[in-house]
There are 2 protein chains.
Amino acid sequence: MEAPDTKTRILDAAESLFATRGVEASSLREITASAGVNLAAVNYHFGSKDDLVLAAFRRRIGPVNRERLERLDALEVAANGRAIALEELVEAFLAPSMRFLSPDRRLHARLLGRVHHEAQDELQTKLTHEFEQVVHRFVGALSRALPRLGPAELLLRGHFMVGAMIYTLTHLDKLETVAPVPLHIAADQVLPQMIAFVAAGLRAPVPDRTEVGR
Amino acid sequence: MEAPDTKTRILDAAESLFATRGVEASSLREITASAGVNLAAVNYHFGSKDDLVLAAFRRRIGPVNRERLERLDALEVAANGRAIALEELVEAFLAPSMRFLSPDRRLHARLLGRVHHEAQDELQTKLTHEFEQVVHRFVGALSRALPRLGPAELLLRGHFMVGAMIYTLTHLDKLETVAPVPLHIAADQVLPQMIAFVAAGLRAPVPDRTEVGR
DNA sequence: CCTGGAATCAAACGATCGTATAAAACATTC
DNA sequence: GAATGTTTTATACGATCGTTTGATTCCAGG
């Protein structure tokens, strides 16, 4: 276990604080103190706080999205033109991020979840770009697996899936708190439950518009 | 259309800024300037920024949770001991907040969604308390409607529902942006789609643990 | 008209923020 | 071991933050 260099120590400390307190509430003084480095090291190595934030988020987003695309590639090659099972598509999308739900990686999960909630126009624009390819590819694959759904319905349900995923990444710890009965939820139980939930939700018949709602 | 008093003008301005920029990024100077009131008015009427934040959130959470409980009461009275349809339970939970998705109330929706993401230990504790009764009542009702689900599975899937709801409240606007084809999603189309998605997800058979996941 | 409490105002407080600077320490190459 | 480029350090800058103060304005009750 070698001592990591300054840059990674800053990233680690920043990630921990961003994940628990949020970006705006984490000062560079807290971050550098927690990392055991000098205050000026952030501006020296990253340029500015905004760039540090971007780097911290990208460090987690990059590998996750890369694995999503690799899994989708593998599925499409294996299918060789035939249809891909919905559950496999959903797993290809969810599994790479859900891996961070293990207790020792919970902080990474929380950071991944925060990506979509830390506003900051400019930051949000740059981060959204990181997801463009993943969104495009998976929307295409899902629409082929769910030919009955119109484009608006598909996008909407895809959004529901993303929402369930993100909320789980950020709030799984709280679930055990809210539970009426003390309850242990194994991290590796979450993914299969979520795949079952989301796949069933995606497959649900389009509701008759006059039936529900008043 | 009478000019609202100072207190509500502050709440309105604060809500708008909190919803778009987040709590930490919204200064009292921005808020009071946007409200057209003096800077000191916040501390005079609310005591502190934290109390203003609490008041702003409570103003939206209160009525929503109250309506959730009223709807659940009505369903249970109508059922008179018999089973309540899952879709009706889900609608009772989702509809009160989804009403804010109409274009003129989108800001309220975004604020409702942010409740769960603005950390601030103390604030979070107080806000969580606002949901206690709703969680307790709906967990009970859902578990009666879904007797096949164990407590851990039920809570987990309930979390997925909440996640889909919150993400929709905060990010529905972005859906139209991300769409490959320009796309209009009518606000009143969202609720029935979400009820169908969530109800199907909740009903999904418990996955065989060895089948999915590697 | 007078008076007293409520509300608003301009101004300032100390604290903390992100950033910049210039010197010191370190590492590497000849 | 002197020279050169890289990294770390202590310190300070200006800006902005939430909060407080004390004076001023407002307005109803006597």
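**Where the chains meet**

I began with the contact in this predicted model: 53 residues of chain A and 54 residues of chain B take part in it. Then I looked up which elements of chain A give two or more residues to the side that touches chain B, and found α5 (86-98), α7 (121-145), α8 (151-178) and α9 (187-203). The largest share comes from α8(A), with 17 residues. I sorted this side of chain A by class as well: 33 residues are nonpolar, eleven are polar and nine are charged.

**How the copies are related**

I superposed chain A on chain B next. A rotation of 180° does it, with 0.0 Å of shift along the axis and an RMSD of 0.0 Å. The two copies are thus related as by a two-fold rotation axis. I also noted that 100% of the interface residues of chain A are interface residues in chain B too, so the copies meet through the same surface.

**A look at one helix**

I turned to α1 (residues 6-21) of chain B and checked its length.

Which residues of α1(B) are buried? I listed Ile10(B), Leu11(B), Ala13(B), Ala14(B), Glu15(B), Leu17(B), Phe18(B) and Ala19(B). These buried residues pack against α2 (28-35), α3 (41-45), α4 (49-79) and α6 (106-114) of chain B.

Key:
Residues are numbered from 1 along each chain as its sequence is written. Chains are lettered from A and ligands numbered from 1 in the order in which they are written. This is a predicted model: local features need pLDDT of at least 70, side-chain atom pairs count only at pLDDT 80 or more; totals for chains, interfaces and linings use all residues. Copies are superposed by least squares on the C-alpha atoms of residues with pLDDT of at least 70 in both. Two residues are in contact if their C-beta atoms, placed from the backbone, lie within 7 Å. Helices (H or I, at least four residues) and strands (E, at least two) are DSSP runs, numbered from the N terminus. Ala, Val, Leu, Ile, Met, Phe, Trp, Tyr, Cys and Pro count as nonpolar, Asp, Glu, Lys and Arg as charged, and the others, Gly among them, as polar. A residue is buried if 20 or more other C-beta atoms lie within 10 Å of its own, exposed if 12 or fewer, and partly exposed in between; C-beta atoms are placed from the backbone.
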